Amino acid sequence: MSEKIALLVDSGMDVPTTVLNKDGVYVVPLNIIYPEGTYIDKVTITSKEIYDRLSNEIPSTSLPNGESIDKIFNQIIEDGYSHLVIATISSGLSGTHNILKLMAKDYDNLICGFIDSLSIGIGGGLQGVAIKEMIDNGQSFDTIVSQAQENIEKSRVFFSIPTLEYLKKGGRIGLVTSILGTALNLNPVISCNKEGIYYTVTKARGRKKSLEKMVQEVEKFVGNHSSYDLAVAYGNCVEEAKALKEALEQRFHHINQIFIDEVSPALGVHTGPGVLGIGVIKR
C-alpha cells in the first residue's frame, strides 16, 4: 500500500509560517474565550488583539472543539491522504493530544501516528519542521513516527518572560517559582521538563541578563553538536526578537536553519507581552 502522509499540528505548536503553508500540513486551532464569545486561535483573533486587551482582561484558552477536529480529519481524507502524523503541544500542559488521539479512532481509513512533543510554541514547532522534512524526503510512515519520537529528546524551548502574572492567572504556572520571581523582580528562564511541564531553568535580575542566560542554556544544550535548527519566538517585541536572531547567528556556528515568528495568541495569553523564546532541535 502506498503511503500519502500528512502532518497535523495544533496551533500552539507554532510551526513556522513557511512550513505551515506547504501542502499536506494541517492545523487544528485552540480556542480563546472572552465573556462575549469564543475566538479561534490565529484565525479570528491575533496576538496583538490579545495583548491590547490583557491589561483589562485575561481570557481563558480551551481545547479544539470536536466539530473542528472532525472537519480537519475529513478534509485530510478528502485530500487523499492515507497516513497522518499528529504532533501536539505537551500533554502536560493541554488535553489537545488526548482528544486528538481519542477522536482519531473514529477514522479507520486514516493510519495515525501520535507525537506528544512535551514542549510548546516554537519548541514543538521545530519538531513539526523536522517531521515535514521527513515526509517531503519520502521516508516511510513508520520511520517518520519513530524518528519524531527520538526528536523529542533532541529539542528544547526556552522562554524569558518579563512577568509571571499571566502564567499564574492562566493556571499554567507549573513548577515555575512565581512568588520568588515577583518579589525580587527576577526574570526567569523557563522551559518544559521531561514530563512536559513548565519549570524554572534559571533566573536573572533584569531583562538583559535573563536573555543572556537563555542563550547560555541553548549553548549548553547543543554542546559540540555539528548541526541544529534554531528559532526565535516573540510576543509584542519584534525588534528585540530581530536583535536576538542576529546575535544567535553570530554566536552559533552550526545553524542548519533559523526561523523567527510571533508566538500564537493562545500561548500569548499565558506568557503575556514581551516574551522572547528560543527553540532548538539537534539535526
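**The sheet and its helices**

Tutor: Strand β1 (residues 5–10) runs parallel to β2 and is joined to it by four bridges, where strands (E, at least two residues) and helices (H or I, at least four) are DSSP runs numbered from the N terminus. This is a predicted model, in which local features need pLDDT of at least 70 and side-chain atom pairs pLDDT 80 or more, while totals for chains, interfaces and linings use all residues. Residues are numbered from 1 along each chain as its sequence is written, and side-chain values use heavy atoms, without hydrogens and water.

The open sheet has four strands in the order β2-β1-β6-β7, paired in parallel (a pair needs at least two DSSP bridges). On average, neighbouring strands are turned by 20 degrees against each other, direction ignored.

Helix α4 (residues 96–104) lies across β1, β2, β6 (83–88) and β7, at about 170 degrees to β7, whereas helix α6 (residues 141–153) lies across β1, β6 and β7, at about 10 degrees to β7. Here angles run from 0 to 180 degrees between N-to-C directions of axes fitted to C-alpha atoms, for helices over the stretch in contact, and contact means heavy atoms within 4.5 Å.

Helix α3 (residues 66–78) packs on α4 at about 55 degrees, with the axes 11 Å apart. In this packing, G66, I69, D70 and F73 of α3 meet I99, L100, M103 and A104 of α4.
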